[in-house]
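My entries follow in the order of looking.

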Amino acid sequence: MSHFTSEDEALLQSMLRQLLQSVKEKITGAPSVECAEEILLHLEETDENFHNYEFVKYLRQYIKSTVGPVIEEETEKYTSAQNQSEISGYDTLVQHLTKKTRESKEYREMMHALKNVMMIVVESLINKFEEDRMHNKELDSKTKKERQSGYFTDNCSDSDSSLNQSYTFMSQEQLQLLTERLDPIQPKEVREEALQMLCFAPPSDILSSENWPNLRKHLTISLSDPDATFSEKILRFYAKTFSSSPFNMTREVYTSLARHLELYFLSGEHSLRISAGLDVSNTDINRLLKKVRLLNEYQKEAPSSWIRHPEKYMEDVVESTLSLLSVKHEPNHPACPDFLGPMYFLALLDIKAVWFKKWTHAYYSRRVVLRLLEKKYKSLINAAVQQCFDYFEFCKAEVNKSSKVSGFFQQHCSDKQNFSYTGQELQYIYFVHSLCLLGRLLIYKEGQNLFPVQLKNRKDSVSITDMLVLFTQLIYYSPSYPKAALTAHTDSYSPEGLVMEILQVFCDQTGCVAECLYTDAVIDALLHPVQSLLSGTEVCINCLEATLFDVADILARITASEDGLSLLLYGENEKNSKDSPTAAHVIVQFTTKLLRDDLSLLSGSEFLPVVKGAFIFICRQMYRTCEGLQMLIPYGLHESIAEAWRKTNLLSERVSTPVAGADSTSSISLESKNILLWEETLLDALLNFSMTPRGLFLLHSTGAMNDCVNFMFSSLLKKIQTNEYEELGNQVIVTQMATTPMGAVALQSSGFIKALVTELWSLLECGKDDLRITQPKSAPVDPIDQSCQKSFLSLINLLTYPAVFELLSKQNMPNKPTYSFREVPSDVIDIIDRLIILNSEAKIHSLFSYEQSHIFGLRLLNVLCCELNTLLLLETQYNVSQVLLTAQEENVTETSEGPGVFIIDGLSVERNHILVRINLIGGPQERILPLRALDKGSDPYPWPMFSSFPLPKCYLAGIPRKAEFRQDNDLDKLLTLLKSPEKPTGWTENYRKQFCKVMKARSDSISGPVLAELIEKFVSHLSESRTDCYFSTGNYKGENIKRKTDREKTLFSN
């Protein structure tokens, strides 16, 4: 196919014309001919339909049929020549084929034929272009007097000649003439013809011309033309400009449209009133909404580009917008308060104020917006605040009338299509817009500086705190549906849903935003429904359950922060917290009554368990800390939760088990599911008491510790992936549990320790089963492999002395004669037997990774021996020192002359370090611990090793002279207070304050012995006081274990 026939030329012309028509909009929007060429050259990169065009398909098939055989032939030659070598790759082959193909005769003939035929095709298209233009010019002049207005509308659409018109570029003289013809004083026919030409000209040429200022004035005035078709054509030109021109040009068009709307509302032509409602189907209203919608669409898109242009451009757009929206609030405007201003129309189209959210997202634009609001357009903020207060007063009046759902909200939720709005609906839409705008404004420091604001009908100014109190009150005074209220408020325009979104954003912020929320006034507003229920007064609140759930959600978010927790515990001013109960007292009282079903208004409610769980979660945030637990103890919350759990546990045992094949949505299975969920919630609440020592004692007193630990273990098995916060909480709970004997027994009986040991063994000895092995595994560089570090830390946290005593006391070492490779340890004693005390060949041969596993065990032993009680237990029961010395003695070179030298390896270095640590007690000034790393050079390990006692003297540090310590007045006060036999009321708190004062002032000057003496005497005095002794000194009886030792006399304090 080296030559083209006349049929091929006609086909190519048709396909090329189709391609150009498809990319007409892209070419039309190009600012110059060069840009249009660039668009065509890079069409494959920008057009996803490029390979679907018939012209492209034709060329691809032609190229394939012409040079395809050449490519195949060269590929075979290249492959056969290189089949014995592997040095060439895919890129080299492509380069070779490209070079050979372009040098071939077939390729040169193909390019020559394509160039010739395309020249003929393009010349034919150009000739057709001139013929169509002359034909249209004659047709326009012939039918000028008989022209219909709708003719131009049709002529704006795609037609046979539209391709040629898209290439029309206008000179400055033509634009000057076009501007003169669009003057409003010109006849209608002349203006329509000029507007027709304007639609075909590139917007970039028009906006960059010298005549644009005059043309802009004419277009602004012409937007008010009574002919709807004429004004809509201008809007189309504006929309085309917005989509295809840069920001520095489109801002002129935007300000023109905003100025037109401002003049329209100021002219008096607009006579609509809010009370009369709004009919969207009305032609004039529809035209007005189209203009506002175009304005709003540009508002949402402009922030993505205005940062690349001078600030003055952005300021023009912002100021023209704010000037338009504040039309109603001009001081000399004769409009009455019932005036339907531009803000109502903008709210209809953008009810959640997305435009304002985008404008204030970046500091670059937020600074300009808020500066203009503060200096010139603060009336907009005043109007938004006034609208929120007006709606609140309306809702409050409706609630007092026992009207659960307002007329608007009920109608709005039931109508699928709404073409008309009543005055009440318009006010609600404006309220939602104002609420979203204010919620966004208040999260910024600059926005908060706009407050307080002064309203006409209020004596006092409205502060930020007043606004947050108002938002809070809207939660329980605004209308809502009971069943829908407890679900997420996604894509909802309900007031409580919008307010919850705003308050949740406040709770998640820090700094000045959180400070605004953490006030007694806001907390009192949140607790108003709770206080009403506690006092037994009449509650005029819509959907009480939903309100309590939302209040609990906000309170839980506040409690999650340190400052918020302090506010709930002590109040905004700690001095006043003693006079009246703080929020924490109110919350725990209410939660206790909820659990005991002492609130008649909520009894029998379907959503009562949800409300209970929400308030329990708030209390859980508090009693997870020592100060929070101390404040909540007098109310016996742990007993109330335990009692509720026992009742629920009895119910869960009575519910029949669902039968296989039965309907899963039956009432029985649903009831069982809800009961089990409520039982897990209560167990989780009880489990979190163990986050503090005294809370752990309270949990033990409920008798539910074993059930809580079983629940925690089953939850860990179910939740394969947990977030970081939950995982950290579980680690803290396990650590706290392990500090007490009863907690350690509960962990062992639940299977938690077995699972931990099994997981450790699988990681240490077996590795990951799902790891694809592509190359041999390299030897670990670190003493403890990264995959085992988590298990190592878990064991360290678990093996406190009380846990070690419970798990190892009077437990004999297995020391089996043989160990199977499939034998997996299941307890701590097995870990010590298999990884630490390797005193037989059977134990060594049973390990796949002997050195790595043994080092892991030695590192574990090194940490355990840091606790003196644990060291004494291991030494007395398993003679750990002698085992290590024997291993060192055996780790020597064999010589015929006599005893060899110690072999320096990872194991001998670890053993040497442990032996020094466990046989020399003291701090860094009393002993010298050998390093566990080798040095470079001829002597990699300068520390002497030993296999018998006594230890080399080099590990003993010189005893420093005791520095003289001069006590000061503050320390004298502390010692005097401790030595006094009769201590005044509140002496512990005074002691703590005095101690903190000394530590802050002179922490470096207080020696360790003095500090230890002070703490020891203080703890001793606490143990003598029944009120301050958290754990009794009685004997502890574990499961199947009865011992009487002094270790039970463990005291805990906050």
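I pair rings of Phe, Tyr and Trp (its six-membered ring) if their centres lie within 6.5 Å; planes under 30 degrees apart count as stacked, over 60 as edge-to-face and the rest as tilted. By this rule I get 26 aromatic pairs.

The model is predicted, with pLDDT of at least 70 needed for local features and 80 or more for side-chain atom pairs, while totals for chains, interfaces and linings use all residues. Residues are numbered from 1 along each chain as its sequence is written, and side-chain values use heavy atoms, with hydrogens and water left out.

**Ring pairs.** I looked up F265 and F339, which form an edge-to-face pair, 6.5 Å centre to centre with 85 degrees between the planes. F265 lies in helix α15 (residues 247-266) and F339 in the loop between α17 (311-325) and α18 (342-349), so the pair ties together parts 74 residues apart in sequence. Helices (H or I, at least four residues) are DSSP runs, numbered from the N terminus. For burial I use relative accessible area: buried is under 20%, exposed over 50%, partly exposed in between (1.4 Å probe, protein chains only). F265 is buried at 1%, and F339 is buried at 2%.

The rings of Y391 and F394 have centres 6.3 Å apart and planes at 40 degrees, so I log this pair as tilted. Both residues lie in helix α21 (residues 378-400), 3 residues apart, about one turn of the helix. Y391 is buried at 9%, whereas F394 is partly exposed at 26%.

I also noted a cluster linked by ring pairs: F242, F247, Y254, Y298, W306, W355, F356 and W359.

**Cores.** A nonpolar core is a set of buried Ala, Val, Leu, Ile, Met, Phe, Trp, Tyr and Cys residues joined through side-chain atoms within 4.5 Å. Which residues have the most contacts inside the largest core? They are F451 and F471, and that core has 247 residues. Beyond its neighbours within four places in sequence, F451 is in contact (heavy atoms within 4.5 Å) with I381, V385, L438, L441, L442, V462, S463, I464 and M467. Apart from this core lies another, of 24 residues, among them A30, F50, Y58 and M110.

L868 is found in helix α48 (residues 868-878) and is partly exposed at 43% relative accessibility. S600 lies in the loop between α33 (583-595) and α34 (608-623) and is exposed at 64%. I checked S600 against L533, 67 residues apart along the chain: their C-alpha atoms are separated by 9.1 Å.

Key
Helices (H or I, at least four residues) and strands (E, at least two) are DSSP runs, numbered from the N terminus.
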